[in-house]
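User: I would like to learn how to read the features of a model like this one. Please take me through them step by step.

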Amino acid sequence: MKIAVASEGEEVSMHFGHCEGFWIFDVENEEIKNSTFLPNPGHRPGFLPEFLKDKGVDCIISGGMGTSAIELFNSYGIDVITGAEGNVTEVAEKYINGTLISSNSPCEKHEHHH
């Protein structure tokens with residue numbers, strides 16, 4: 001299984017499409033075997049779900065994500081977890097052991113604070 005976590009450094013990003021990148025965790029037997037950082041190739045409508053699908057991702061975790069991205073991930077059979085926060089590795093471990101709960105609430109606003 002591969003888990004992708006939208007991130008800003010070592011923390012979960014609140015804005016999926018505009019995150020710094022994705023930590024990809026390779027999981028075997030409910031244990032993280034490897035992790036790599038994949039820089040965000042850029043935000044374009046519909047691009048990131050297909051990009052991550054092509055990387056073999058089975059689950060995407062983010063603080064926030066828009067409805068269309070959630071629907072695209074779901075159409076590819078990729079599990080979507082929103083409302084996550086904190087350290088990316090700890091969040092991935094919570095998902096693996098079944099204690100990470102999705103808020104299931106998409107972002108409706110695109111306000112960005114820089």
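Analyst: Start with surface patches. A patch is made of residues with over 30% relative accessible area and no salt bridge, and like charges are joined within 9 Å. Asp and Glu count as negative. Keep in mind that this is a predicted model.

User: Which residues gather in a patch of negative charge on the surface?

Analyst: Glu 10, Glu 11, Glu 90 and Glu 93 form that patch. Take Glu 10 as the example. Glu 10 sits in the loop between β1 (2-8) and β2 (11-12). Its relative accessibility is 42%, so Glu 10 counts as partly exposed.

User: How do I read a salt bridge, and how many does the structure hold?

Analyst: Look for a side-chain nitrogen of Lys or Arg within 4 Å of a carboxyl oxygen of Asp or Glu. The structure holds three. One of them joins the side chains of Asp 26 and Lys 2, with 3.9 Å from N to O. Lys 2 is partly exposed, because its relative accessibility is 27%.

User: Which residue forms a salt bridge with Lys 33?

Analyst: Glu 31 does, and the closest N and O atoms are 3.5 Å apart. Lys 33 has a relative accessible area of 46%, so it is partly exposed. Glu 31 is partly exposed too, at 44%.

User: And what is the N to O distance between Lys 53 and Asp 54?

Analyst: The side chains of Lys 53 and Asp 54 meet at 3.5 Å, N to O, in a salt bridge. Now apply the exposure cut-offs: buried is under 20%, exposed is over 50%, and partly exposed is in between. Lys 53 is at 33%, so it is partly exposed. Asp 54 is at 55%, so it counts as exposed.

User: Next, backbone angles. What should I look for in phi?

Analyst: Begin with the general rule. Most residues other than glycine have a negative phi. Then look for residues that depart from it. Asn 29 has a positive phi of about 50°, although it is not a glycine. Glu 30 also has a positive phi, near 60°, and is a residue other than glycine.

User: Where is Asn 29 found, and is Asn 29 buried or exposed?

Analyst: Asn 29 is in the loop between β3 (21-28) and β4 (31-39). Its relative accessible area is 74%, so Asn 29 is exposed. Glu 30 is found in the loop between β3 and β4. At 65% relative accessibility, Glu 30 counts as exposed.

User: Now contacts across the sequence. How should I read them?

Analyst: Glu 31, in strand β4, shows the idea. Glu 31 and Met 1 are 30 residues apart along the chain, and their C-alpha atoms are separated by 10.0 Å. Asn 34 is also placed in strand β4. Asn 34 and Lys 2 are 32 residues apart in sequence and 9.7 Å apart in space, C-alpha to C-alpha. At 38% relative accessibility, Asn 34 counts as partly exposed.

User: Where is Tyr 76 found, and how many residues separate Tyr 76 and Pro 49 along the chain?

Analyst: Tyr 76 is in the loop between α2 (67-75) and β6. Tyr 76 and Pro 49 are 27 residues apart along the chain, with their C-alpha atoms separated by 8.2 Å. Tyr 76 is partly exposed, with a relative accessible area of 28%.

User: Is Thr 82 buried or exposed?

Analyst: Thr 82 is buried, because its relative accessible area is 1%. It lies in the loop between β6 (79-81) and α3 (88-96). The C-alpha atoms of Thr 82 and Met 65 are separated by 6.8 Å, and the two residues are 17 apart along the chain.

User: Last, annotation. Which residues does the UniProt domain annotation cover?

Analyst: The unreviewed UniProt entry gives "domain: Dinitrogenase iron-molybdenum cofactor biosynthesis" for residues 9-96. Then turn to the model. That span is 30% helix and 28% strand, and its end C-alpha atoms lie 21 Å apart.

Terms used
Residues are numbered from 1 along each chain as its sequence is written. This is a predicted model: local features need pLDDT of at least 70, side-chain atom pairs count only at pLDDT 80 or more; totals for chains, interfaces and linings use all residues. Side-chain values use heavy atoms; hydrogens and water are left out. UniProt positions are given in the numbering used here, feature names are shortened, and annotations may be inferred rather than shown by experiment. Helices (H or I, at least four residues) and strands (E, at least two) are DSSP runs, numbered from the N terminus. Patches are made of residues with over 30% relative accessible area and no salt bridge: like charges are joined within 9 Å, nonpolar side chains (Val, Leu, Ile, Met, Phe, Trp, Tyr) within 5 Å. Accessible areas come from the Shrake-Rupley method with a 1.4 Å probe; for residues, only the protein chains shown count as cover. The place of a charge is taken as NZ of Lys, CZ of Arg, CG of Asp or CD of Glu. Buried means under 20% relative accessible area, exposed over 50%, partly exposed in between (1.4 Å probe, protein chains only).
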